[in-house]
Amino acid sequence: MRVAVIGGGPGGLYAAALLKRLDPTREITVWERNAPDDTFGFGVVLSDETLGGIEHADPEVYRALQAEFVRWDDIDIVHRGRTLTSGGHGFAALGRRRLLAVLHRRCRDLGIDLRFCTEAPPAAELARSHDLVIAADGVHSATRTAGAEAFRPQLTTHRCRYIWLAADFALDAFRFEIAETEHGVAQLHAYPYARPDGPGGPSGASTVIVEMREEVWRAAGLDRADENQSAAWCAKAFADALRGGTLRSNNSSWIAFRTVVNDRWYHGNTVLLGDAAHTAHFSIGSGTKLAVEDALALAACLREQPDTASALAAYEQERRPVVASTQRAARASLAWFEELATYLDQPPHQFAFNLLTRSRRVTHDNLRLRDRRFTRAVEREAGCPDDTPPMFTPFRLRGLTLRNRVVVSPMDMYSSHDGVPGDFHLVHLGARALGGAGLVMTEMVCVSEQGRITPGCAGLYTPQQAAAWRRITDFVHEQSPGTAVGVQLGHAGRKGSTKLMWHGIDEPLDEGNWPLVAASPLPYKPGSQRPQELTPRELASLREQFAAAAQRAARSGFDLLELHCAHGYLLSGFLSPLTNERTDAYGGSLAGRLRFPLEVFDAVREAWPDDRPMTVRISATDWSDGGTTAEDAVAMAAAFAEHGADAIDVSTGQVVSDERPDFGRSYQTPFADRIRNALGIPVIAVGAISSWDDVNSLVLAGRTDLCALARPHLYDPHWTLHAAAEQGYAGPGAPWPPPYQAGSRTPPTGRTDAPKPRLTLR
């Protein structure tokens, strides 16, 4: 087999070494346009997991790397003159030049042809003369660009600028430091990569990355600064961290990070590896790690599969989900630093905890295992009593105090008859109220017959419906004292007159359809009914319907009311520029698009008792070009808060049928986080929050006030009580109903441990 490797970075070199070691008959050539000692950046961080893979695949490379590593456990977070330290994290780093030297030596020892200062021939040309072409040619991959039609890359450039520099001494911890300059906020990411008296010199060496928003970078004049001027500016801004020393550069320039995603990683016999295939923000230290792991997986697949085509398919199938997970974490970390200025006024320990958990890979629970003292200090600062997880602290909205931070999210059940909730709803909502959540929400309850999504939707437009809801709220208040029950009011708009979900979600009824209305006459998707554009007279009638439903909700005994302005239903249809094409006062600018939803809010707030809280659910993004932006979402939230909303329930999407959501764990939380910390108003986070550890982490970090969980409560109606039992909590935030108290401890299981050996005989 003849193998061509384009790019002599760590990923390309390690792939070449592994392939040659596994089969010495392979003829492998590596093209690198730079000289052997040329490199960009300084230190490289590798995880224990990655090192374990290297040790198993090539012990000789592992031993050489082991001799070079600097290891440390602590993270220092410096903000407004105060340093907080969290331990138990475990890092290993070495100089990038040393890593390349180890891999160069290994490749030469194995007989690989290394061609430095040589531009590789085009990948298409190499593919004709080689059995395999590995494109490890980096973030600006020429191979990817030339093969764009096959690989279908998506490149996203982000809002911060950063520069790689180095200090000539070894820090004793990973250090994050914030500088509040006259131009704006800058942040330092720094870590040691060479030990004192080692290859880095008598004092060792540290990587220093300085990052700031684009507008701060320009205001500081750094867009006009040369390499030396930039290094001097950074050294001055972070003089304390650098002990008054200077910073050195290495072809260093200010870069805007670019996220690379490809629909395909291989085409024919050419495969992308490392940054050519995918990138992840440096703040989670994953670039070299991912490239090395790609090399390990590619070599294994080529060994295991019967032919190259099968191996490349297996490689992509194996690596894609791992990389996608890492990229989600990296995007969360990147976005956190982009919005860093909104967190600066947090209390010191909360700020540090928020930073440490920003990617969602470090959580409250595993941080307690790493550093219990630090985590307890964060909890004390937040007012958590001893032995009380953050999720079981109370929260007040207007005249309502919730006993914990868990909300049973609104979930459409499509099980009503003529809009009347029946025994199913009594059992469904009653079970979840008994299950310990602080607030149990109804599904979207429609304000009119025409406003239903399906024939099975519940309503509050008749006295019979109101009486049926009263039966349910009475049960909750009598049988689960302290549990609040809320109603979500809405109107389906253009997404109405459809089949029950399990018969075909968003599909029009086969018969018995009713006419639809919306902000503009745009069907939800091909084949959907076209709605009629609402007239001013009809808008006035709708306001009255919402207000009348709110009055019935009050008489029905609900503790909280939420106005549904999300997911493409009627009020959401006014808010999104993709669904509102009106040319009157209710369209156009965001202020115009907000006009009718705010009028409805005002009418409902007036009809709803003053001492009871009212929330609003919004879609903070449409996940579609030209739709609602994150900035729009903050403005929407501010407008509703100004009109009296007590909290914003922050969801996303479901506005247009061709959306492309970025699904993942807690994937909607950053939108809630941004609104909360930009505006200082309470928020409810929702969307793929599934574990009690996530709830504790999000609440303690100050990213949300309440967490709404849907599917976990379908899986387990007693999710909150079980979360308390699993954490050993038995306080007032999660009381077990008296008939259930015998089950308040986790049931015993069979033993899974075995007697430990006591003696070793030789």
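Colleague: Helices (H or I, at least four residues) and strands (E, at least two) are DSSP runs, numbered from the N terminus. With that settled, where does arginine 360 sit?

Modeller: Arginine 360 is in the loop between helix 12 and helix 13, the latter covering 364-370. This is a predicted model, with local features needing pLDDT of at least 70 and side-chain atom pairs counted only at pLDDT 80 or more, while totals for chains, interfaces and linings use all residues. Residues are numbered from 1 along each chain as its sequence is written, and side-chain values use heavy atoms, leaving out hydrogens and water.

Colleague: OK, and what is phi at arginine 360?

Modeller: Phi of arginine 360 is near 75°, a positive value in a residue other than glycine. Arginine 360 has a relative accessible area of 14%, so it counts as buried (under 20%; exposed is over 50% and partly exposed in between, with a 1.4 Å probe and protein chains only).

Colleague: Aspartate 387 has a positive phi too; is aspartate 387 buried or exposed?

Modeller: Aspartate 387 is exposed, because its relative accessibility is 71%. Its phi is near 60°, and its place is the loop between helix 14 (372-381) and strand 17 (395-397).

Colleague: Going back to helix 12, how many of its residues are buried?

Modeller: Eight of the nine residues in helix 12 (348-356) are buried, which leaves this helix mostly covered. The buried ones are His349, Gln350, Phe351, Ala352, Phe353, Asn354, Leu355 and Leu356.

Colleague: Changing topic, how many salt bridges are in the whole structure?

Modeller: A search of the whole structure gives 44 salt bridges, each being a side-chain nitrogen of Lys or Arg within 4 Å of a carboxyl oxygen of Asp or Glu. One of them joins the side chains of arginine 159 and glutamate 631, at 3.7 Å from N to O. Arginine 159 belongs to strand 10 (residues 153-167) and glutamate 631 to helix 21 (residues 630-642), so this pair ties together parts that are 472 residues apart in sequence.

Colleague: How accessible is arginine 159, and which residues are linked with it in a network?

Modeller: Arginine 159 counts as partly exposed at 27% relative accessibility, and glutamate 631 is partly exposed with a relative accessible area of 44%. The network of salt bridges links Arg159, Arg213, Glu215, Glu338, Glu339, Glu631 and Arg674.

Colleague: And which residue does arginine 703 meet in a salt bridge?

Modeller: The partner of arginine 703 is aspartate 673, with an N to O distance of 3.9 Å between the side chains. Arginine 703 lies in the loop between helix 23 (692-700) and strand 28 (706-709), and aspartate 673 in helix 22 (residues 669-679), so the pair ties together parts 30 residues apart in sequence. Arginine 703 is buried at 4% relative accessibility, and aspartate 673 is likewise buried, with a relative accessible area of 4%.

Colleague: What about arginine 676 and aspartate 705, at what distance do their side chains meet?

Modeller: Those side chains form a salt bridge at 3.1 Å, N to O. Because arginine 676 lies in helix 22 and aspartate 705 in the loop between helix 23 and strand 28, the pair ties together parts that are 29 residues apart in sequence. Arginine 676 is partly exposed at 22% relative accessibility, whereas aspartate 705 is buried at 6%.

Colleague: Last one: where is histidine 425?

Modeller: Histidine 425 lies in helix 15 (residues 423-434), and it is buried, with a relative accessible area of 0%. Leaving aside neighbours within four places in sequence, histidine 425 is in contact (heavy atoms within 4.5 Å) with Met413, Ser415, Ser416, Gly430, Glu443, Trp469 and Ile472.
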